[in-house]
Amino acid sequence: MEIYIVRPGDTVDSIASAYHTSAQSIIYNNQLAYPYPLALGQALLLSAEEPSSDSKSSEKPFIFSGGYAYPFISRWVLEQTLPYLSDLFIFSYGFTPEGELIPPLLDDTFMITLAKASGTAPILTLTPFGPTGQFSNYLISQIVNNQSAQQQLIGNLLSQIQERGFEGVDIDFEFILPEDKIPFADFVRNVRTAVNQLGYPVSVALAPKTSDSQTGLLYEGKDYQLLGEAADSVLLMTYEWGYTYGPPMAVAPLNKVREVVEYALTKIPASKINLGIPNYGYDWTLPFLRGSSKADTIGNIQAVQIAIAQNASIQFDEVSQSPYFTYILDGFTHEVWFEDVRSLSAKFELIKEYNLRGAGYWQIMQLFRANWLLLADIFSIR
């Protein structure tokens, strides 16, 4: 596969002719919408082969690849994505202070069934969401410091695994109080011990730290070394530098992602580390005013469609290795940052450079086919 950057005068047909591929493969790979307009600076994934019905059922990438999804995911999107996933993280199961499990509001049975049929492991994702739907450090403190409630929760997790067919547990706790750092690591270890006895793994999500002394509620309660020892694997949440309430910038700038990976490697073996990858972008309305500005979350395909509709030229920032563009609508300037096959290729090369375990996606609710085709191509068995 090859990445091509759209230039003035390009059309799908002219690119197909110049690169000895088919227009249909370009349209399919890049999810182009009729009548197939292109944006200047758009990154296209080119392949030499015609897409076929068999292409969706090819071998999975030869690395770990996991993706988070809510039960309201489109069945079609899930079916298109599962062939490229080793693990499907079903988001999410909560719990009470007494250790009772709270299932998702929508039935997730179809996700478990489809995952298993595709050879993908369905993973129960455990989160400490309070009544407001936000991460609750009160709930975390209650469960990690109360052995009776903790054992009740672990027993309920084991029952779900055995009764529903889950094949592992992912622990995604955020805003852990500093004083709960060690009890939380002990909790992860206790869950792993129990779940491992059923033959299944336990993973834990880690906020993107770059040092032991990093301050802030996202970071102080997570000890990389302790959690790396306690879990079978970890997910580095290497995204959200650019975020809903922050100023415009890349969601996962490669220079910042690299800093997190290099720190993590001083505490955790590479064979346990999965690199977090965002499957979305943001559209900011300028000027940015901290405290009142709010970016719109958009899909990567949607970002390109906006650039086409607004006749915007897509740029690429070499430092962050991320695409972006600006446009004016109704008198307001907008700035958009998102992911494309160039930024994804850079992240895949980082995985290869440090021999990491694989990649974990937040989240797979929207199909970005070129990502999966590139992942399978780069990490296929040669």
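Modeller: Two strands count as paired if DSSP finds at least two bridges between them; strands (E, at least two residues) and helices (H or I, at least four) are DSSP runs, numbered from the N terminus. This is a predicted model, where local features need pLDDT of at least 70, side-chain atom pairs count only at pLDDT 80 or more, and totals for chains, interfaces and linings use all residues. Residues are numbered from 1 along each chain as its sequence is written, and side-chain values use heavy atoms, with hydrogens and water left out.

Let's look at E4, which spans residues 87-95. Of its 9 residues, 9 are buried, meaning under 20% relative accessible area, with exposed over 50% and partly exposed in between (1.4 Å probe, protein chains only).

Now the partners. With strand E3 (residues 64-69), E4 pairs in the parallel sense over 4 bridges, and here leucine 88 in E4 has glycine 67 opposite. Strand E6 (residues 121-126) also pairs with E4 in the parallel sense, over 5 bridges; there, isoleucine 90 stands opposite leucine 124 in E6.

E5 runs antiparallel to E4, and 2 bridges join them. Glycine 94 is set opposite isoleucine 102 in E5. The hairpin of E4 and E5 has 5 residues between the strands, and in it glycine 99 takes a positive phi near 100°.

Leucine 106 is partly exposed, with a relative accessible area of 47%.
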